[in-house]
Amino acid sequence: MASFAKALSPALREIRFLFCQSSQPSAGTRQFVLANYQLMKRHNPDLPILIREANGTPARVFARFERGIEKHVELDNLSSGDVASKVARLLSVS
């Protein structure tokens, strides 16, 4: 995804992906992480990008910004492309 091939906002402190490692509703999130994690880390080496897999966990992503502001979006049953647009929208909010 081209939108992740750049440095993210300096106000962003952490990104956390939570999803099930085997369920169908989390498949798009798994594909997104596999395709974009290295690119995001390459352009944001000091930003913690956490991946949390747990059986039965609904797919979602959390973004923590400066001053402790935390936002999240649900990603269950979305394609990898839909996950990318939701994540991009979440990370552009500060």
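Let's start with the charges. E14, R16, R64 and E70 are linked in a network of salt bridges. A salt bridge here is a side-chain nitrogen of Lys or Arg within 4 Å of a carboxyl oxygen of Asp or Glu.

A word on the source. This is a predicted model, where local features need pLDDT of at least 70, side-chain atom pairs count only at pLDDT 80 or more, and totals for chains, interfaces and linings use all residues. Residues are numbered from 1 along each chain as its sequence is written, and side-chain values use heavy atoms, with hydrogens and water left out.

E14 pairs with R16, with the closest N and O atoms 2.5 Å apart. Both E14 and R16 are buried; buried means under 20% relative accessible area, exposed over 50%, partly exposed in between, using a 1.4 Å probe and protein chains only. R16 also meets E70 in a salt bridge, 3.0 Å from N to O. R16 lies in strand 1 and E70 in strand 4, so this pair ties together parts 54 residues apart in sequence. Helices (H or I, at least four residues) and strands (E, at least two) are DSSP runs, numbered from the N terminus. Why does R16 count as buried? Because its relative accessibility is 19%. E70, at 40%, is partly exposed.

The whole structure has four salt bridges. One of them joins E66 and R13, with the closest N and O atoms 3.4 Å apart. E66 sits in the loop between strand 3 and strand 4 (70-74), R13 in strand 1, 53 residues away.

Now helix 1. Helix 1 has a kink of about 45°, centred on N36. The bend is the angle between axes fitted to the seven residues ending at a residue and the seven starting there.

Look at R30 in helix 1. R30 is buried yet has no salt bridge; E53, the nearest side chain of opposite charge, is 6.2 Å away. For charge, Lys and Arg count as positive, Asp and Glu as negative; His and the chain ends are not counted.

Last, the largest nonpolar core. Of its 23 residues, I15, F17, F32 and L91 touch the most other members. Such a core is a set of buried Ala, Val, Leu, Ile, Met, Phe, Trp, Tyr and Cys residues joined through side-chain atoms within 4.5 Å. Helix 2 gives the largest share, five residues.
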